[in-house]
Amino acid sequence: MKRILSALAVSTIAGTATLFAGVLPAAAEGLKIGFLATLSGPPAVLGQHMRDGFLLAVEQADGKLGGVETEVIVVDDELKPDAALTKVQGLIERDKVDMLAGVVFSNVMMAVYKPIIQSETIFVGANAGPSPIAGKGCSPYFFSAAYQNDQNHEVMGRYAANQGYEKVVVMAPNYQAGKDAIAGFKRHYTGTIVEEIYTKLGQLDFSAELARISEEKPNALFTFMPGGMGVNLVKQYDQSGLKESIPFLSTFTVDETTLPATKDMGVGLYSGAEWAADLDTAANKKFVADFEAAYGYAPSLYAAQGYDAARLIGGAVEMNGGIEDKAALIKALEAAPFESVRGDFSFNTNHFPIQDFYLVKAVKSGEGKYTTSIVEKVFDDFGDAYAGSCKM
């Protein structure tokens with residue numbers, strides 16, 4: 001893994017990094033993948049986890065996904081849709097990539113999605129799964145190795161209903177994933193939403209919002225605040241004293257990307273997820289151990305999704321006997337020919353996963369180590385709500 005990180009470090013130019021499998025560049029008949037992630041600013045840790053998981057899988061395949069020499073070009077989208085679009089066009093037109101993968105944030109995904117599928121480039125998403133591309137906007141060229149945006153939030157809607165929380169305040173950033181989060185929560189919550197609060201994407205001061213929550217006196221707060229937003233919100237919620245009186249329910253807010261910063265302030269908080277470090281599968285145990293050995297930190301679901309994305313590509317390339325026949329490669333991807341760290345994994349008709357979802361809890365799992373742990377399974381073999389609208 002040190003060899004990969006060294007190659008990555010010396011090849012970074014203007015926000016783009018090229019990783020060559022092995023020691024030499026990929027041969028002309030090899031597989032070239034453009035990997036897009038947010039790698040700068042407060043949310044950079046999310047892209048770091050996703051990238052590191054993907055590269056770990058490439059390294060474990062000896063630099064040959066599906067037996068084909070593999071070159072990965074890592075690009076920082078800077079969480080700027082315009083910049084992401086320019087870089088994607090460069091990957092497709094200049095670098096002639098065979099496939100694209102990655103993307104953390106849904107606003108970036110919405111910006112790059114149409115140009116990618118119009119170019120008939122296969123894209124394997126490793127995080128963002130906005131609802132417009134899961135339904136009527138679906139494409140045979142897009143696959144998600146993660147989830148559809150609404151789904152983890154649906155876990156918390158079901159949990160809040162089961163807990164009998166009659167009044168809830170919901171809060172999320174004002175962009176596609178935030179809207180999907182609240183839509184997902186509402187789908188299974190049976191009580192009353194007393195207030196919907198939409199914040200700016202990237203907001204770090206929540207004092208005004210916390211004052212509104214305090215005035216409403218709900219039975220619980222549900223929120224989606226990834227990355228640095230989540231770190232600050234958890235700290236401010238704890239410091240305000242609200243943690244003691246209003247249960248804090250979240251998704252993508254309290255996980256292995258934020259817990260190193262929030263530490264004990266995040267312990268005991270519940271989230272919805274399709275993965276956790278203690279998920280009892282042989283593939284997951286190996287992944288967690290190998291990831292920590294390679295990078296020195298605990299993986300998150302972003303890392304697990306990146307890892308599975310690369311393994312999905314590798315399995316499909318091997319099944320297809322190469323990458324030359326794109327139509328056959330798409331059929332191979334649809335078969336999901338790999339062992340997911342999540343266990344059961346298959347594709348729905350819209351190329352989003354059918355998988356299990358869990359209630360998870362933040363725990364202190366060792367000296368200075370914080371992870372998420374499964375409390376219970378909430379949904380079994382669960383597909384998203386938009387697949388019926390997808391016509392391929």
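## Glutamate 78 and its partners

With a relative accessible area of 27%, glutamate 78 is partly exposed, a class that lies between buried (under 20% relative accessible area) and exposed (over 50%), as computed with a 1.4 Å probe on protein chains only. Glutamate 78 pairs with lysine 80 in a salt bridge whose closest N and O atoms are 3.6 Å apart, the term standing for a side-chain nitrogen of Lys or Arg within 4 Å of a carboxyl oxygen of Asp or Glu. Lysine 80 is likewise partly exposed, at 47% relative accessibility.

## Basis of the model

The model is predicted, so that local features need pLDDT of at least 70 and side-chain atom pairs count only at pLDDT 80 or more, while totals for chains, interfaces and linings use all residues. Residues are numbered from 1 along each chain as its sequence is written, and side-chain values use heavy atoms, with hydrogens and water left out.

## Further salt bridges

The whole structure holds 18 salt bridges. In one of them, glutamate 195 meets arginine 212 at 2.3 Å, N to O. Because glutamate 195 lies in strand β9 (residues 192–199) and arginine 212 in helix α8 (residues 207–216), the pair ties together parts that are 17 residues apart in sequence; helices (H or I, at least four residues) and strands (E, at least two) are DSSP runs, numbered from the N terminus. Glutamate 195 is buried at 16% relative accessibility, whereas arginine 212 is partly exposed at 35%.

Aspartate 380 and lysine 377 form another salt bridge, with the closest N and O atoms 3.1 Å apart. Aspartate 380 is partly exposed at 47%, as is lysine 377 at 44%. Elsewhere, salt bridges with shared partners join Glu78, Lys80 and Lys87 into one network.
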